[in-house]
Amino acid sequence: MTAGRGSRVAVALAAMVLAGCNEGGSGSGSGSTTTTVSASGTNVAAVTAGFGALGPSGGYANGIWTSVIVCVPGSTTECDTIPDVLVDTGSVGLRVLSSALTVSLPGVTDSSGNVLQECIQFADLSYMWGPVATARIGFTGTGETALQVPGQAANSGVPIQIIAASPSATVPSSCLAAPATPGMTVDRNTLESLGGNGILGVGTIPQDCGEACATASYYQYYICPNNECSVPNVPVARQVWNPVAALSSSDNNGVLITLPAVAAGGAPSAVGSLIFGIGTQSNNGIGAAQVYETDGYGNFPKVVLNGATYASPNNGSYIDSGSTDIFFSDAHSLASTGIVECSGNLAGYYCPASVIPFTATVFGANNVSGPVQFNIANALSLFSPGYGAFNDVGGDSGTGPSTDDVDLGLPFFLGRSVYVGIAGSNATYPNGYWAFQGAGAASSTAAVSTETGIAIGPPKTPVGVR
Amino acid sequence: MKTALGMLPILVLLAAPTWAALGEYESSVSVDRQSLRGTDREEAREGYRLHEIAAADGSVIREFVSPAGLVFGVAWQAARMPNLQQLLGSNITELQVNLQSRTPRAAGRGPLIVQTPKMVFVSGGHLRSFHGYAYLRGMVPAGVNPEVVQ
């Protein structure tokens, strides 16, 4: 911890002017115990930022995990409670490993009885493949349920994807950005490769494809009779849905994720809340937070950082709780700030000699802009104690200005309340939106500095109340 | 759930269409346009030529062609990941060899950046907005900055 402590103090001094902005709260100034920020209400699910199902040995730090209840449509007894599901604001829809399910969910089929299959691909060349089924979706500790897609028959269920270790259809080559080669982990179809039991995509759109897949054929949904796959048009009601958009309550317009600030050296884990609805309850008001509408690609139209401009879509920048780090710019472009890349197994991470503060200016499609402050610490030092939650770990997003972007991953969420508004839920922001409050790392370190390591209590009012 | 879907299956050829793969001659670019059902735009630039293929789904693929007629770089901006087996051709093995040697930590959850003595590869973004590029260091024409590949 000595290296981490030194770094923390350095940042704390730099950030002292922000003392008093301790909105996110912090359970401990020592950084050695799990930090917690709590909210209460029937729309609040607990989330934990940390290692998830695989633990420290799995090497997957900075995930954000919750528990989801999956039932047969219309049933409250044929259910599985599925722990360690990644909360991902960068994707849409619930995807669950078949190995985590004991109940049998009805498949979404075409008129010939062929089960709809889906291929989801990620930028790191990984993919998920498996059938689409319907389920009643609930969230542990809440009163929230998604019984059916809006406009569909009562209790008909919400389409989810079952990620199949033993898929009912062979993965078509068009689902693979790169060939599946032994030893090259490109699939996320197992607990070991996924790091959890599933992904809860709560991004800014209501379905994972939308009109594009309803009116034209894309390599996303398939039917594969006799293992010969074709690509059908799929009505939006049959696509995998953002479970939030299908909630029966009025909390179906988005989510608010609150996580506590952690010390600059990290924390074993950080416990916070996934709060359903925005401005629908006493605990999810958006208050004075600046709203940033996304563009049609789900990006900030523009982000400016360290003199560089990142414009969507070629350099599309975004908020994504499913990204483990703040990936931004590249070590070469940031050399003047003191950023250097780590070596060896940590190549691609940033390993500066001291903690470096950054301020990005983010722009919304609603013609507003505002600052995002974050710090970057030495990844090698951060990872040494075996902690699972860091607000200051970062890495390259590309190799130069032509492909760089700014991906505000899980570190951005620590010490902030982040709102994710779903497209169509607010006529003022038709593309969907983000909003956030809290000062993130700066708040945390300032608090540690002023209190000289004395434990700081939780906020006196529920987070989000204004 | 036995209700009919009302889906209208459209059979498409899942056999791999031919792309102008990285490192190959540009003559296959016209084939790309057909397989993408998109529009093809060509632009002469200082020291190289740019082919831009805009597909019906809004995806844009750019291919950078040397004076010798070889594709030295490819770039994409697309709602879904492009088929890299087609875009990179035989250079996909550069990716495979590199990725097989990585540790789980390095795999991370974010962009993928691979730099080998032969090739630079970057893939970033998220569902609805992927972007990336690849170029072959040894094929970039003299006097051309590799950063033009974007």
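Reply: A cavity here is a set of points, on a 1 Å grid over the protein atoms alone, where a 1.4 Å probe fits but cannot get out, and a lining residue has an atom within 4 Å of a point. The model is predicted, so local features need pLDDT of at least 70 and side-chain atom pairs count only at pLDDT 80 or more, whereas totals for chains, interfaces and linings use all residues. Residues are numbered from 1 along each chain as its sequence is written, chains are lettered from A and ligands numbered from 1 in the order in which they are written, and side-chain values use heavy atoms, with hydrogens and water left out.

The volume of the largest cavity is about 320 Å³, where a volume is the space filled by probe spheres set on grid points joined across faces, edges and corners. At least two lining residues come from each of strand 4 (79-88) and strand 6 of chain A and strand 7 (119-126) of chain B; strands are DSSP runs (E, at least two residues), numbered from the N terminus. The lining divides into 10 nonpolar, 9 polar and 6 charged residues. In this scheme Ala, Val, Leu, Ile, Met, Phe, Trp, Tyr, Cys and Pro count as nonpolar, Asp, Glu, Lys and Arg as charged, and the others, Gly among them, as polar.

The structure holds 5 cavities of 30 Å³ or more.

Note on methods
1 Å grid on protein atoms, 1.4 Å probe; cavity = no way out; pocket = protein on both sides within 12 Å on 5 of 7 lines; lining within 4 Å. Helix = DSSP H or I, 4+ residues; strand = E, 2+ residues; numbered from the N terminus.
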